[in-house]
Structure formats: C-alpha cells, structure tokens
Amino acid sequence: MIIEHLCPAGEWRQLRGPAYGLQQSALIGELAVAPVAPAEGESVVQSVLRQARLVVSETPPRAGDELLTGERLAHLFAWLAGAIQREWRIPVSERFHIERVEVPEGRQQFLVALPSPVARAGEVARRWAQGFVNHAMAGPLTPDHLKRVREWAERAFKPHADPRLNRFLIMSAAMRLEIPVQPLVSSVLLLGTGRHSRWMHSTITDRTPSIAVTFAKLKQDTARLLRMAGLPGGEHAMVPSRAAAIEAAARLGYPVVVKPADRDQGAGVAADLRDEAAVGEAYDEAMKHSERILVEKWVPGRTHRLTVFQGKVLRVTQRIAGGVIGDGVRDVSALVKAQQTGEFQQRIARHRGGPLLTLDDEALGMLRQDGRDAGYVPAAGEEVRLRRRDNVSAGGTNVELDPADANAVHPDNIELAIEAARVLRLDFAGVDLITTDISRSWLEVGGLVCEVNAQPQVGAPRFYDSLLPQLMGPETRIPVTLVVCAAAGRPECRKKLVAEARFDAVSDAGGIFASGRRVTGRFSDGFAAARALLMRSDTASGACVMTPEEIFRFGLPVDRFDRVIWADASSFDPAERERLAAVAAMLRSPGGMDVASAHAA
C-alpha cells in the first residue's frame, strides 16, 4: 500500500480565467503534505526528481533549494502537473502559485493554483502528479511500472494535445514573453489586448492577404508567378490520370517529382522518380491527398527552408531526407536499428506510435533503384537516402544555418527568398529553395524555388521568442483597471465611470460602453464582458466592472491589471464581504499593481 504523502485538502475548482498571477485559467485547491524526517528530505526530493526525468523530458526548475521538504514536494507536484501536459503538447504555462496555509501541527498545507487551459486535462494532470509523487516517494519505480505510467499518460493526454504545432509553440512563446494570449475561434489566437492585440492562425497573421494565401496553396500558379517575376519557379505538368503522369514524366525527362498541387508539409510528395513504375505508384499515393496532381522535373540538391517575416529572413534550415550515414562497418539494416534506439527517435516513436524510419517498401525501393539492398555496407560518412520526402515527419532531419553568416548562406539566396515572399505579397512565408550549395549564389550554381508556403510550420521551440516581438511591437497591453463593486451598486458604478470618460471603454454585465454610449448587448456576467472589452481592436484603455462573486467564481479576464479600485466596504452585502479576502488574494500578481481604495459609485 502506497502512503499518501501528498493528498488534496478539500475540493479543487476550475476557473474560466487566471488568478494569483497565473497566465491562464486556474485550477485552485489545497494540498496537504505529510512531514518527512529532515535527514531524509534531500534524498526523497532527489529520488522523485530522478524518476520524474524518466517520464517527462523537461528540465525541472531549480527554485526550491532553500525551502523545507514539504514545500519542495508541493513545488515538484505543481511542476509535474504542467510538465506532463506540455510533454503531450498541451499549451500550459510554466508558472504556478503555492503559498502556505496555516493548519494545526502535523501535515503541512498549501494553497496551490495550477495553470489549466484545458479543464479536463488539468484535473487529470493534478491527480496524476499527486499519484506519481506518492509512488516515487515509496521507492524506485520498476521498468514495468514506468512503462504503464507512460502508456496511461498517452491515453489520458494525447486526446487533448494541440494538433497544430505552430499554435502550441506560439502560445508557449507568448507566455514566456508575458504577452497575453488566448484562443478565440477556429484555431485563431488573440495576442495582446485592445488596440495592441493581433490575431494569428498558425503562422497566418491578421495582415496576411487572403489572396496571397490562395496563390501559395496552388503550386502551379505560384511557380508561374515566380517565373513572371524573373525568379526560378518550377516547370509543371498538371495530370488527370496515372497514364498522363507517366507521359508527362517522359516528356519532362527523368528523374521527376510527383506531388499534389494544393497540399503543404510534403503531403503526397515523391521525389527522384526514375521509371514508369515509380511514377505510377507515386501518382496513386498523391491521389490519396488530392485530385490535382503535378509532375515536375526533379532538380538535384538539398531543400532549404528560408523563413521570411516582414521582409527579413529569420531562419534557414537545411533539410536532410530520412536515411543513414555509414560507418564502414555496419550494413543499412543495422544502421537503421541503431538510429531507432536514439533518445530523440524513441520519444517521437512514443508520440507517433512507431519509429519514423524503418526498412519499409519505400526505403527498400530507394535502395533497389541504386542497385543496393538492406545488407549494403556504406563507407564511413556516406549518406544513404531512404525517403523520397525530406520532411521531419517522414524521418528527415533539419540542420540550422545562420542567415546572417554569408559563408553559410549566400546573400543572393537570402534576397531570393525575400523576393519570392514579396512577389506573393506575404508577410510570413516559408520559401523552399533547392540548390546543390546554398553557400553559393543561385545565380551561379542554379536553384529552384519549389514552394512558397503561406503557413509555414516552424518546429523550433524558441523561434517565436524572436518573432513575436517583431509581430507585436513594443506594446502588447492597454492600461486596464479592475473595479470591484457590489452587485447591487454595479449599474451606478458603471454610469459614474462612463460619465467620467477616463477610459475608452467600460464593461460590465450590462454591456460595453464606449464614447459614452452602449455598443454591445448584455453579457452573462462581468467576466465575459471584460473579455469582450479586451479583444476590441479600437480600445486604448479600459475599466472592467466585476463583483466579488464573479471574480471568485470565474477568475480574472487577464493575468494582471494596472490598477484595482475597490468600492466602499459598506456597500457590499454580508455574502460579498466574505468573498473579499479570497478575491484580494486572487488578485496578487508577480509584477504587483496599484490597488486603490476608493468609492467606485
């Protein structure tokens, strides 16, 4: 029987918004921690940490060395509840809140606020973290138990994982940068507040022309536009049938590429096809993704993704197709098996249900076209390609190149990418350039812009840390004042604020008032009204009127306010006065705020 060193003390409750300085919807409750002998404290904490690293890849925070064991365990619990969700691509902030609660001697007790943007996943993570710490404190987890833990976590959290990597990374970066961020509708994110806010749908921004997105999705039209502008766009043939694809390949000359005309991320693409059979098979595969199929002349070289934002290349990655590198000793079969045992590959395999690179029909076909088989022993350093696509999702790898290093990426190639994005009038673009040597000018060695992606997938976790400040500019928040008043006095409070005209907009459950008049209908509560005010792109400052009960039940509409105004204490009824202490605690912010005690009505 496992001794519960950590256990909940009472019910936990999910809020619609943040509290205690968190950046997301909060899950709040109390955690009781049984005392641990001082002599055992450090070894217990280190044991839990060691076992946690076998389940989550994230490095735990260092904070807590000066704390007593009980509080350190509470911090570990809170970190694990977020880390297990981030492991499965649920966009959870790294910030949490813990404070000691005074209780009789014995167990230590803490008030804990956890970020919980997905309510069901947050509650499951809380229970999981509590159980994991209790089991880990009881002794080392066996390999079988760890396997069961991973399998359970996959079943529990994978259904809640964000299917859009870009959105997950954008939200994570925004929270690191202290930019308010929340999902709107149809996968669109709202970043910032009021007139400083922006919208992003993956890497499509609110300033990306829709006509440009339409062009970029049509590879044949994109290539024609590039050629019209004097840039190296590909020569394609749109084919209506398998036979037409084979005829086009013969006309263009082998090798060729077969790909859908209107799909991104390498879906259905097959390159370096050298005979009719390969073209026919590639056509059948491409038809699974689209009914509009292109055949184009294959160009030798590697694909390089140049990510352009607002006329500047921010990132260059060289794509290396899935395969192995010889060591002069092992054959291809052994090299593939060795690659599958790597830590990175195993983590991907756990998430995807199997390894990306195997000796499947595609790999064996690639070997056969070069007169080889799985028993071939490549020389040391020799590359053996086993995938026709060079995407990471097909087992490929990316090598980062410095766009500012003229010896790594020739300036002409940088300018080519900027020009390609400009031709399509895209503010954000992924330009795919095929060239044999990107350190030399495409004007010298040749090259082909095979695609311009209007919604590029940027898998680098820290890329958005540099991009978002450029997108948002120096200001990301408007000044916002929270006015806490009694339910009975709310209409008069709002009228006074509107009459004073100190704010661009004032919100309460009765609606949003701008320029002295009501501009919306009623809302279900003051929380919903405040959220609506914060998303208005014409608002330079705002006042959000909420009752103590609304704040206690729903949380706050944003992670912090510039100022809080409290109505006179005598205006609150007895039930509201009971809420005031809890509400005051929920308003705590790491950055602090100006809290004014004033008559709001």
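Trainee: Why is the crossing of α8 and α9 called right-handed?
Mentor: A crossing is right-handed if the near helix is turned clockwise from the far one by less than a right angle, and left-handed if anticlockwise. The crossing of α8 and α9 falls on the right-handed side. The model is predicted, so local features need pLDDT of at least 70 and side-chain atom pairs pLDDT 80 or more, while totals for chains, interfaces and linings use all residues. Residues are numbered from 1 along each chain as its sequence is written, and side-chain values use heavy atoms, leaving out hydrogens and water.

Trainee: What makes α8 and α9 oblique to each other?
Mentor: Helix α8 spans residues 242-252 and helix α9 residues 276-286; their axes come within 9 Å and cross at roughly 135 degrees. The axes are lines fitted to C-alpha atoms over the stretch in contact, with angles from 0 to 180 degrees between N-to-C directions. Helices are DSSP runs (H or I, at least four residues), strands likewise (E, at least two), numbered from the N terminus. Angles under 35 degrees are roughly parallel, over 145 roughly antiparallel, 65 to 115 roughly perpendicular and the rest oblique. The pair α8 and α9 is therefore oblique.

Trainee: How do you know which residues of α8 and α9 meet?
Mentor: Contact means heavy atoms within 4.5 Å. Arg242, Ala245, Ile246 and Ala249 of α8 meet Glu276, Val279, Gly280, Glu281, Tyr283 and Asp284 of α9. By class, this contact has five nonpolar, one polar and four charged residues. Ala, Val, Leu, Ile, Met, Phe, Trp, Tyr, Cys and Pro count as nonpolar, Asp, Glu, Lys and Arg as charged, and the others, Gly among them, as polar.

Trainee: Why are α6 and α7 called roughly perpendicular?
Mentor: The axes of α6 (residues 210-217) and α7 (residues 219-228) come within 5 Å and cross at roughly 105 degrees. The two helices are therefore roughly perpendicular to each other. Phe215, Ala216 and Lys217 of α6 make the contact with Lys219, Asp221, Thr222 and Leu225 of α7.

Trainee: What makes α1 and α3 oblique?
Mentor: Helix α1 (residues 38-52) packs on helix α3 (residues 119-138) at about 120 degrees, with the axes 9 Å apart. These helices are therefore oblique. Their contact is made by Val44, Ser47, Val48, Gln51 and Ala52 of α1 and Phe132, Val133, Ala136 and Met137 of α3. The contact has seven nonpolar, two polar and no charged residues.

Trainee: What makes the phi of Glu178 worth a remark?
Mentor: Phi of Glu178 is near 65 degrees, a positive value in a residue other than glycine. Glu178 sits in the loop between α5 (165-176) and β6 (181-183).

Trainee: How do you know that the peptide bond between Tyr254 and Pro255 is cis?
Mentor: Omega of the bond is about -5 degrees, and the bond is listed as cis. Pro255 is in the loop between α8 and β11 (256-260).
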